[in-house]
Amino acid sequence: MTAAVYVPPHADTNKAMDDLYGVIDRTETSRPEAAFIVGGDFNLRKVLPRYHQHIISCPTRGENTLDHVYTPYADTQKLKRDGPVTRTIQQWSDQSDSALRDCFSTTEWCVFKDTDINTYTDAVIGYIGKCIDDVVPRITVQTFPNQKPWVNGEVRAKLKARTDAYNSGDLEEYRKSRYALRRAISSAKRQYRDKVESHYKGSNTRSMWAGLKTLTDYKKKISSAEVMSASLPDELNTFYARFESTSPAVEVQKAQEDHCPPVISRADVCRTLKRINTRKAPGPDGIPGRALSRKPKSSALNDYLPVALTSTIMKCFERLVKLFITSSIPDSLDPLQFAYRPNRSTEDAIALTLHTALSHLDQRDTYVRMLFIDYSSAFNTIVPSKLVTKLRDLGLNSALPCVIGS
């Protein structure tokens, strides 16, 4: 925001500076994202010492250089506006969903079968990705750094119409386009306000947090990490297996030796695919959840969690394996274990802890000591061979530890 201020020679300078301070303070409070530039022949630093005076190198009044320019920035480079960001996104629609269903239903999936599981997987994933690229159209979206959140397609169209009317020189058409633009802006702001208010009318916590981020203008920190290289998967495998290399080799029984291997039915697979959250980002294979259902950048290997790097298809497979694991776990587990147990959560653990502590403190001359332990990178430091041994000791089907160990 730019303001040119003139204080007449006969005016009360102190009162003028106080009034100017009040206006700037109110404007900064209502527009915290704006950059402020104040110009005039006065010393603003008397009332706003945090503002910096910048040197004017050209005459402002005839041959004299009298005006001063003040900004909150000592470095004028910060005033440079970032350029627009252009990105390409997939435009999903009901037509694309229907086309993908037809494509998958007419596919002879048996032609991809191969004795090598890696080759089999790469062929299927590559085919699914090609179908998505052929069916789902892509559009290019340009986002400006100062773009208001309520600006929609109608407002942009009215803006273009007003600019065309101004360039044509038709005053009547320009007047009509300005009126249409004001109506479009009012409608867009009203729709945006209703959208933000709707975040708090239901019981959806995701929607509520989205509303809070909108109101507070929360933006994720942009990491300066380099673009992922093709060797990242191999580096991650080496990183996660660093403990395994120093552990004694554990003999893993083959799944064929089990007389009752787990069987996954088609109904189980369909039920798992229906549970896919289409809002989640795809994994490293690039297959979005929407194609199957019918996420600061990391700078170090330890910042990547195995769950976050799992592809959507693998997540579905893990859910199917989890059903067999949870159904095979005996009832002899610690009853105070709340993690990874059905119908139990962190709230239950907190409630039980508080109840036990407060019940004990009701007695005279008592106290409570608590020890909280948090393991750093717990998932990253799991040794698969030890996990397989523990699962076998619990009586799990030998085929399941074999899958986990691999």
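What share of the 406 residues in the protein is buried? Buried residues make up 20%. Keep in mind that this is a predicted model.

1. Overall make-up. The protein has 13 helices and six strands. Its accessible surface comes to about 30,400 Å². Carbon and sulfur atoms account for 55% of that surface.

2. The sheet. Four strands form an open sheet, ordered S1-S2-S4-S3. The pairing in this sheet is mixed. Its edge strands are S1 (2-4) and S3, each of which pairs on one side only. Neighbouring strands are turned against each other by 25 degrees on average, direction ignored.

3. Pairing around S4. Strand S2 (residues 37-40) runs antiparallel to strand S4 (residues 68-71), and three bridges join them. Strand S3 (residues 52-54) also pairs with S4 over three bridges, in the antiparallel sense. Valine 69 is worth a look here. In S4, valine 69 is the bridge partner of glycine 39. Valine 69 is also the bridge partner of histidine 54. As a general point, side chains in a regular strand alternate between the two faces of the sheet.

4. Nonpolar cores. The largest nonpolar core has 14 residues. Trp92, Leu100, Ile128 and Ile132 have the most contacts inside this core. Helix H2 (94-105), helix H3 (117-135) and helix H9 (290-293) each supply at least two of its residues. H3 gives the largest share, four residues. A second, separate core has 11 residues, including Ala34, Phe36, Val38 and Tyr51.

5. The structure holds eight salt bridges. One of them joins aspartate 97 and arginine 290, with the closest N and O atoms 2.9 Å apart. Why does this pair tie together parts that are 193 residues apart in sequence? Aspartate 97 lies in helix H2, whereas arginine 290 lies in helix H9. The two ends have their own burial classes. Aspartate 97 has 11% relative accessibility and falls under the 20% cut-off, so it counts as buried. Arginine 290 is at 29%, so it counts as partly exposed.

6. Salt bridges within a helix. Lysine 15 and aspartate 19 form a salt bridge, the closest N and O atoms being 3.1 Å apart. Both residues lie in helix H1 (residues 13-30), four residues apart, about one turn of the helix. Aspartate 19 is partly exposed, with a relative accessible area of 42%. Lysine 130 and aspartate 134 meet in another salt bridge, 2.7 Å from N to O. This pair is four residues apart in helix H3, so about one helical turn separates the two residues. Lysine 130 and aspartate 134 are both exposed.

7. A nonpolar surface patch. Which residues form a nonpolar patch on the surface? They are Ile350, Leu354, Leu358, Leu361, Val368, Met370 and Phe372. Together they have about 700 Å² of accessible area. Methionine 370 sits in the loop between helix H11 (346-361) and helix H12 (384-393).

Definitions and conventions. Residues numbered from 1 in each chain as written. Predicted model: local features only at pLDDT ≥ 70, side-chain atom pairs only at ≥ 80, totals over all residues. Heavy atoms only, no water. Patch = residues over 30% accessible without salt bridge, like charges linked within 9 Å, V, L, I, M, F, W, Y side chains within 5 Å. Areas by Shrake-Rupley, 256 points an atom, 1.4 Å probe, with all protein chains shown as cover. Salt bridge = Lys/Arg side-chain N within 4 Å of Asp/Glu carboxyl O. Pairing = 2+ DSSP bridges. Buried < 20%, exposed > 50% of the residue type's maximum accessible area, 1.4 Å probe, protein only. Core = buried A, V, L, I, M, F, W, Y, C linked by side-chain atoms within 4.5 Å. Axes fitted to C-alpha atoms, helices over the stretch in contact; angles between N-to-C directions.
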